[in-house]
Amino acid sequence: MFFTYLLLFTLAYLVAVFYWQRRRQMRVFKEMGIPGPEPNFLFGNILAFWAKPMFKTFQEWHKTYGETFGYFEGPTPVLVTSNTEILHQVFIKQFNNFHKRKLWPVQVDPDNDEDVHLFFARGQRWKRLRSVVNPAFTATKMRKMEPQMNMCADVLVEVMDKAAEQSEEKRVLITELFRRLTLNTIVQCALGIQDNTIREPESGFLRHCMGVIEDTTKQPVLYALGFTFPALSKLWMAIYKYMHYIKFNPVYWLEEKINDCVQYRKKNPEPSPDLLRQMLDARFEVKSFRDLDAPASKEGHEETDLNGNIKKPVLRSLTENEVVQHALLFLMAGYETSSTSLGYIFYELATNPHVQQAVRQEIDELLPEGEEANYDNIRNLKYMDKVISETLRKYPLASNVIARQCGETCQVAGLTIPSGMLVAANAWALHHDPKFTPEKKAARSSMAWIPFGAGPRQCIGFRFAWVQMKLVLCKLLRRYQFEPASDLKEPLELREGATILFKEDVPLRVLPLS
Ligand code: HEM
């Protein structure tokens, strides 16, 4: 009996200590004078995202609490803001102290795991990876990849013709086609594989990439536990891996394909413009990534810190595992974002025919007599640039990843941000703020338009995506008139997955121009 009482007393004591600690942690925003929704001591505010997607919840909280507010993911405080001064400080000026991305509760350990790529890496490791991968995305490299992009767009036209012919109304579900196009393009440009995904909806690459994306939304309970008890992250990751051990994980299929490709390319080292060749040339035979991150002083080392200020050398090389992980990252980061963006652009063009006509007119004027669009001449299509910018302003589809974690406690625009706090950009509220409409573009802050994030960790594939979108626009607008199909639902209904995308595919009429 005594032991039962002792056990009950100990349990009650531990629960009380836990409760008291959580309550103390959750006072942080009140002490800073920052408003926000009342947190539950166990989950914080994450249950709100079960009822409504995060990007919509942020917009509602923005209306209730103003441009800067705080909430909790389990015990972790997240400061959400659309204040351009705070964003500028965090993403650019004080990047040295804010170089860490927001971590998800179930993911690899960014400091100790071999399988970490650029997206999750931090500190010197991130700097090394970014400096190796950056040269693969220069203007010169994009110019070399453009013929591949154009070839993929040609196949898209062939497939679109067939799809339109199958219905009397010439109705086509465009996002499914764009997904196949952008995956095919990235497989060719990143891996150098002549894939046929656009023609084959059942392609292995498409099925497995979609499987990975879908998987990010499939374990809400595991994710909730991860947010609530972040200190047990290794346990959540082990459970996640076990679940995939008994149920096939589509990532394994992709890793195997990429690994085969890496082995083949190592044996056949011909020069090629694809991203894999660039990374293989920077491959270095070491036992562990730690040997590459250790400061060294040999030739080829950078001598700057994360902001490019203090001297701290870093080796410009990748391990073989890092090459595979980056190839996988480019597939995943590149195809879904670009296809969803194209979906939004064509939806907007179909529902705003005068804008569609103006883009077409600009193409006809600047690329007369059917001159093929290429990397150099598409730079003159300035109205098209505006249409893409404006669409991404309306729909900042990758907004949920634009966040940073504070390293050491510091001052940001008059606020004391404690170590470990997350700062997230409220991109939807920011982009829809009447202060920052396109007409006021000249006067607005550079932080008012952030669909690709901001600062040194801004999207590395920005130029790749932009060139691809412009080439596709040229190809399709010269050939077709786009109109809403009879069953197009307006306004668009959106859902949140890895990106913010359409709840259902977008049906448009694709009418060949005479
Ligand atoms: C329209 C298409 C795209 C959009 C809207 C988009 C958006 C974003 C955003 C918002 C971020 C986070 C930036 C930040 O935290 O400041 C990001 C990061 C990243 N994106 Fe993209 N992206 C697109 C296309 C691509 C493509 C085509 C690739 C690769 C081929 C790519 C590769 C990456 C990588 C590797 C990162 C992580 C960079 C780092 O942490 O250093 N993205 N992207």
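These legends describe close-up views of the ligand site, the sheet, the cavities and a pocket in a predicted model. Residues are numbered from 1 along each chain as its sequence is written, and side-chain values use heavy atoms, with hydrogens and water left out. Local features need pLDDT of at least 70 and side-chain atom pairs count only at pLDDT 80 or more, while totals for chains, interfaces and linings use all residues.

View 1. Cys459 (SG), at 2.3 Å, is the only protein donor of the iron atom of the ligand. Donors are N, O and S atoms within 2.8 Å of the metal (3.2 Å for Na, K and Ca); water is not among the atoms, so sites may look incomplete. Cys459 sits in the loop between helix 18 and helix 19 (462-479). Helices (H or I, at least four residues) and strands (E, at least two) are DSSP runs, numbered from the N terminus.

**View 2. The shell around the ligand.** The ligand is surrounded by 28 residues, the closest being Arg101, Trp126, Arg130, Arg404 and Cys459; a residue counts as near if one of its heavy atoms lies within 4 Å. Polar contacts are pairs of N or O atoms within 3.5 Å; within protein, one must be able to donate a hydrogen and the other to accept it, and residues adjacent in sequence count only if both atoms are side-chain atoms. Oxygen atoms of the ligand lie 2.8 Å from a polar side-chain atom of Arg101, 3.0 Å from a polar side-chain atom of Arg457 and 3.1 Å from a backbone N or O atom of Ala454. Two or more residues of the shell come from each of helix 6 (123-133), helix 15 (320-351) and helix 19. Helix 15 gives the largest share, six residues.

View 3. Five strands form an open sheet in the order 1-2-10-7-3, with mixed pairing; two strands pair if DSSP finds at least two bridges between them. Strand 1 (68-73) and strand 3 (100-101) are at the edges with a single partner strand each, so one side of each has no neighbour in the sheet. Strand 3 pairs with strand 7 (residues 403-405) in the antiparallel sense over two bridges. Gln405 in strand 7 is the bridge partner of Lys100.

**View 4. The cavities.** There are two cavities of 30 Å³ or more. On a 1 Å grid over the protein atoms alone, a cavity is a set of points where a 1.4 Å probe fits but cannot get out, a pocket is an open set with protein on both sides within 12 Å along at least five of seven lines, and lining residues have an atom within 4 Å of a point. Grid points are joined across faces, edges and corners, and a volume is the space filled by probe spheres set on the points. The largest cavity holds about 90 Å³. Its lining has 15 residues, with Met54, Phe58, Ser399, Asn400 and Ala425 closest to the centre. Helix 4 supplies the largest share of this lining, three residues. The second largest cavity, of about 40 Å³, is lined by Arg101, Lys102, Trp104, Phe119, Asn400 and Val401.

**View 5. The second largest pocket.** This pocket has a volume of about 610 Å³. Among its 27 lining residues, Leu103, Trp104, Pro105, Pro230 and Ser233 lie nearest the centre. Helix 11 provides the largest share of the lining, four residues.
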